[in-house]
Every structure is written in structure tokens, then in C-alpha cells.
Amino acid sequence: MSAGLRNAFKTAKEQNRPAFVTFITAGYPSPEVTVENLLALERGGADVIELGIPFTDPIADGPTIQYASTQSLKHNTDIPMCLQMVRDARAKGLKVPIVLMGYYNPVLAYGEEKIVQDCKEAGVNGYILVDLPPEESHNFRSICYKHGLSYVPLIAPSTTEQRIELLSKLADSFIYVVSRMGVTGSRDSINAELPAIIARIKKYTSIPLAVGFGVSTREHFVEVGAHAEGVVIGSRLITVTKEALEKNQNVPEVIQQYAAEVCGRKHSIETYAASEANQADIEVNDAAGRGPFSPDDIKNFYQLATRFGNFGGAYVPEALVDCLTQFESCFVDAMNDPSFRQEFESYYDYISRPSQLQLASRLTEEVGGARIWLKREDLNHTGSHKINNAVGQILLAKRLGKTRIIAETGAGQHGVATATVCAKFGLECVVYMGEEDCRRQALNVFRMRMLGATVVPVKDGSRTLKDAINEAMRDWVANVSNTHYLVGSAIGPHPFPMVVREFQSVIGRETKRQMLEKAGKLPDAVVACVGGGSNAIGMFHPFVEDTSVRIIGVEAGGDGVHTEKHSATLSMGTPGVLHGTRTYLLQDTKGQIIETHSVSAGLDYPGVGPEHAYLKDSGRAEYRVADDAQCLIGFRKLTQSEGIIPALESSHAIYAAIELAKELPKDKDIVVCLSGRGDKDMHTVVEVLPKLGPKIGWDLRF
């Protein structure tokens, strides 16, 4: 099947023209029209067709392809439907090779071996998986080789020469070259540096190069075709489709006309690129002729272990790999530099560290069981634990010479912390926040703007934290040269989970020391709320080797885990890949991400930090659930017994600690990470009390 791709490029070369590689989204505008569009593209002169598998959370797609994916998912488009579209098109005479293009999680959910087998049967020739770089793809590449299908690597302008040399060795049909940094989308002009990018790659391989990300006009096509063996057009085809629909035109006819005009081939030409074509000469390298790839085919570009057991990794678009390795190298150097630790700790007065460890005496007395202690991260500058990581990462960003900081935020606490340190250090700050979270955390939005940050409401998807992360990652892909993404939780690709853990572990280290000073012993249990899991991993990590200490995370149960409206990822989720990491996710059986719910914006996330996934599976930590009503019980109990108003996120942990204290004798000690203060949540509590108040016997109406 990879032979069909090689033949397509060989035929184009023999005809002294670049191969025309097209992209459309499967299921857009409908599954039926997709089949006709495939045939129309072939008639219009396409040599290869990339068929996009829609995904709920694409991190490298621009608005145009995002729109097409969203519309496609309204038809419940999934991999079996994509394969049926290919079968139907083949049955109607389609001869050109087809490459499935998309994100890894739907493929993982379908099954790697199964999808390759089914693709071969349906007439698919290969794959481009945007967030499955070679470091993470050994198993998938081996399966592709076994069944004769192609794995197409991507090379970006930021890809180093060392990496280009290794990536070139993995290609068995062609290489997809990103012509400019950024997310997908047609451009007004083509990257002026394209000839230099092509020349860098050609030093290491003579395999065909197909250049995309920005091509839309006949002029672009000719310009790119003068330098590369293939020209890719995708976003413009989606736009042409959308415009045809708006004008009630025949979409396949319009697609065919556009394709013919842009590639300059008014009549389709037989290409010998049928799925059963004889294998083209392998004059490029021996990738297609040797046995299964070994993990040594491409060296690990990271210095540190990227995984926590089976979880973690760096599932990112090629454009981010170099940036991540630079960030990791900076982090390693900083950790080995005593002056960095001194600099970080010099800001403890600014942060208000060490935070206090306080016995909640009245709450303990009321509960009647084990002693409950509070690690008062709510007393930190900006009102939560988020400032710890924000200061640490801003110092790393300055070491890297970055001048612009972006961040995602749910409850707004990380956004406020990031805006605060950007003000302190004089850096530009852009914060992405879901539109729904902007509404329920309006006070924090105002605080960020007061501090000088630009707050961008995200209107896609569920308009909550996961959508803010999607948009922040798209920004990072587009502006990686001058921008640092200050990730707020222990999520994302390596090294972010490790970096965030390092800067948040001050919570657990202080807790250890303070408990020994105040109680003469380690706690019997530490408890923290878990969304992405930064405050929790900061509390838990220093106690992992202390087996006498129980580690308990508390997830958001929303309306109840028996409903679809919750955020209990570890309790109810399954392993998958999202936002650059393999972890537990709330997803459907097809690998699409499910919308979540929690009364607390900061826990409203369908994933979780990969180290938490490891701690769960290893049995070292246990994870419980507190629903919205139980969260309000914890909120009320602490407020009225100790005069401390906790964040709704922290209130989940308070409730779980109360229940745990009832199970334990009075000589036991429980420490709760009180991760934030609750003034930000007053509006939310007022909003939900009419619904939840009667369930817990709390009526604050005048």
C-alpha cells in the first residue's frame, strides 16, 4: 500500500510536475458528499488525498479545519465511517492513494493493529498522525511496516538537523514538510525561508517532500512546486467547500474545478497510483525494505525519563519537539545550578512561604475522629498554590530568553498567578480561559486584566479548561520562537508534569518538616483535590516513599458519577492521549473527549496529570470522589467551624478529609492541602445554592 504513494510521486516526477496532495475532513460537509469529493479531487488532478479523521480536541489545527471537524462530528463521524467512505470511493473507481490524517487518541481507542489491518482492507495507503512523533510511534510504525502501509513523518522549520537526519531515515514514501510555523490555514504568502528549509532536508535524503501549511492559490502551488516534489492544500479546500455550501452550489463540482485550476491540470491524468500498484524503485533510502523499526531508529531527544510507568510521554506536533527539548535542557541545568535554587527561594517572601500548617481544632472536634490539619496554600500571594509554579517557570522562561508568556486557566487562579509574575518580571502575558469559566470567575478575569494581561475567552467546545488548553497550545505552536507556555497543572507533554511537580513539591516538603515540628510525627494521611493535579502532586510527591502515609486524591463528582456530568477522570476514565500526554481521560469508546462538569472551574477537566495515573495504577495513592453537594458541605463546614472560606476546588478535599477522619481514631493525623481561598467563588456559590442548598440543608436566602 505504501507503494501506491511512492508511485504517485514517481509518476509526477516523470511528468515533470509536483505531486498534488490534497486534504479534506472526512464527514464534512457530510459522509455522502465526502465520497463524491474524493472522486472529484481525483478528477481535478490530485495525486494523493489526505482524509482527516475528526477529533474533538485538535491542538495543531487552525480555525478552518477545526470548524470542519466540529461539523463532521455532528454526523458522529468515526474511524469505521471514515473507512467506509474510502471503500465506497474505491468501489466507484477511486485510484489515487489515500492517507488518513489526524490525532492519535481515536487510533489508540480503535486499536493500532486493528486499524492498520482494516485500513489495508479498505484501501488506505498510509498515515500522518499529527501528535505521534517517532519517539512515541515505535509500535505503530512496526505494525504499519508489517502490513505494508506508510508512516509519514513531519518536519517543521524548527526541526534540528540532527533530528532531520533521523526523521529522514524513517520515511518510506514521502515526508510532510511544514512550510511555516503555526497551525493549519491558508496564507497570503508562502514562507520566504522555504528554499532554505528544503535545502536542509535534502542534505540528508532524496525522498519526496510534500510541503503544506499555507498553500492556497495557483501562484503558491507553482512557487512551492519549484522547490518540492509535492504541494499540499487543505484549509483552502475546506473554505471552498464552505463557500459552495453557502451559495447552494454543487460541492464536488466546485472542488473539482478548484483542484484543476490550482494544480494546472484541466484534465485528470492516469497516475499508476492505484492501491495495488507495483512497488516504485526505492532510490531514496532503505526504510521500506528493512525489518521492523527498533526504538534506536530515532534516538531519544530527551535527557530525563519522559514517563511515569505507562503514562506520560511527549505526544506533540513536530513543531514543538525542539522547544520541549530546549525547555527540558534549561530545567536540567537549573536544577543542577545552586544559584537557581537560591534565586527561586529568594522569592519566598514575595510568595509568602513557608505557608502555615494549622490544626483545624474546631472542625476536628466537630467531626470527632482523627485530627485534621490544614496546609494553608490559600494564604500565598494571589490566594493559591499556583504562584509556586508561576515563579519557578518564569525564571526558566527568562533563562530561555522568552519575552512572551501564555497560560491556560480554569478557575482563574493560575491565570492570576501568571499575570502577577509577568507584571513582576516585565513580560507580555496572554491568558486563555474558557468563555464559561470567564463568566463564573469574572472577578479573576478582572484581576488578570488589572495586572496587565490579555485575557482571551475561548468559545469552542465546552468553553472550559480543556478548550483553553487547546487554544493555548495552538498559540504556542504558532509563536514558539519567543513564547513560553507556562503550563499551570501537572499535565501536558514532558517535561511539564515533572517541572510543575518540582516547583509545587515545596508544599509536601514543608508539610513534612512542619508536622515533625508540631506533632512529632509524619501525618497518617495527606489529602488534596485533583483536577489536573498540581497541588496534589506537590503535596503527595515528598511522601511517596513514606509508606506509612496514605495518599488520597479527591476528584470532582459533579452531579454524580452515575451521570455524564462529572470530572472524575481517575475513578471513571480510561487511558488515552490528550494534550501531549498519555493518562486517564473521560472519553467515549471512539476516543473522542467527553465534556465534563464540576461546580469548581479548576477541576472541570477531562484528563489528569500522568503521575497521578501512575500512582493510581501502582496502588500507592487512592482516589475518591466528592460531588457538587458534598463539595458545598466541605465548603460550609470549614467556613463555619474555622472562619476560613476555602476555594470550591479545595472544598472537595475538605469533605473527603472529614469523611476519612470519621473512619480513623483520634490519635491519627490528616493533612489537607487547602489549595486556594474561596473569595473567587462567591458568585458561584450564590448561583448554585438554590439547587444544592436544599440537598444539604443550607438556606442563605434573606
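**Pockets, helices and sheets in a predicted model**

Biologist: How do the residues lining the largest pocket divide by class?
Modeller: The lining of the largest pocket has eight nonpolar, nine polar and nine charged residues. Please keep in mind that this is a predicted model.

Biologist: How much space lies in that largest pocket, and which residues are nearest its centre?
Modeller: The largest pocket holds about 540 Å³ of space. Its lining consists of 26 residues, and those nearest the centre are Thr56, Thr70, Leu73, Gly461 and Lys466.

Biologist: Which helix gives the most to the lining of the largest pocket?
Modeller: Helix 3 does, with seven residues. Helix 3 spans residues 63-73, and both helix 3 and helix 21 supply at least two residues of this lining.

Biologist: You mentioned helix 18; at what angle do helix 18 and helix 20 pack?
Modeller: Helix 18 (residues 413-425) packs with helix 20 (residues 442-450) at an angle of about 10°, and their axes are 9 Å apart. Because of that angle, helix 18 is roughly parallel to helix 20. Gln413, Gly415, Val416 and Ala419 of helix 18 make the contact with Asn444, Arg447 and Met448 of helix 20. By class, this contact has three nonpolar, three polar and one charged residues.

Biologist: And how far apart are the axes of helix 22 and helix 23?
Modeller: The axes of helix 22 (residues 496-504) and helix 23 (residues 506-518) are 5 Å apart, and the two helices pack at an angle of about 35°. Helix 22 contributes Glu502, Phe503 and Gln504, which meet Val506, Ile507, Gly508 and Arg509 of helix 23. The classes here are three nonpolar, two polar and two charged residues.

Biologist: On to the sheets: what is the strand order in the open sheet of nine strands?
Modeller: The order is 5-4-3-2-1-9-8-7-6, and the pairing is parallel. Strand 5 (150-151) and strand 6 (154-155) are the edge strands, each pairing on one side only.

Biologist: How many bridges join strand 1 to strand 2 in that sheet?
Modeller: Strand 1 (residues 19-25) and strand 2 (residues 48-52) run parallel and are joined by five bridges. Opposite Thr22 stands Ile49 in strand 2.

Biologist: What about the open sheet of six strands: what is its order?
Modeller: That order is 12-13-23-18-19-22, with mixed pairing. Its edge strands, strand 12 (357-359) and strand 22 (621-626), each pair on one side only. On average, neighbouring strands are turned by 25° against each other, direction ignored.

Biologist: Do strand 12 and strand 13 run parallel or antiparallel?
Modeller: Strand 12 and strand 13 (residues 371-376) run antiparallel and are joined by three bridges. Leu359 has Trp373 in strand 13 as its bridge partner.

Biologist: Which strands does helix 27 lie across?
Modeller: Helix 27 (residues 628-642) lies across strand 12, strand 13, strand 22 and strand 23 (669-674), and runs at about 95° to strand 22.

Methods
Residues numbered from 1 in each chain as written. Predicted model: local features only at pLDDT ≥ 70, side-chain atom pairs only at ≥ 80, totals over all residues. Heavy atoms only, no water. Axes fitted to C-alpha atoms, helices over the stretch in contact; angles between N-to-C directions. Helix = DSSP H or I, 4+ residues; strand = E, 2+ residues; numbered from the N terminus. Parallel < 35°, antiparallel > 145°, perpendicular 65-115°, else oblique. Contact = heavy atoms within 4.5 Å. Nonpolar A, V, L, I, M, F, W, Y, C, P; charged D, E, K, R; others polar. Pairing = 2+ DSSP bridges. 1 Å grid on protein atoms, 1.4 Å probe; cavity = no way out; pocket = protein on both sides within 12 Å on 5 of 7 lines; lining within 4 Å. Points joined across faces, edges and corners; volume = space filled by probe spheres on them.
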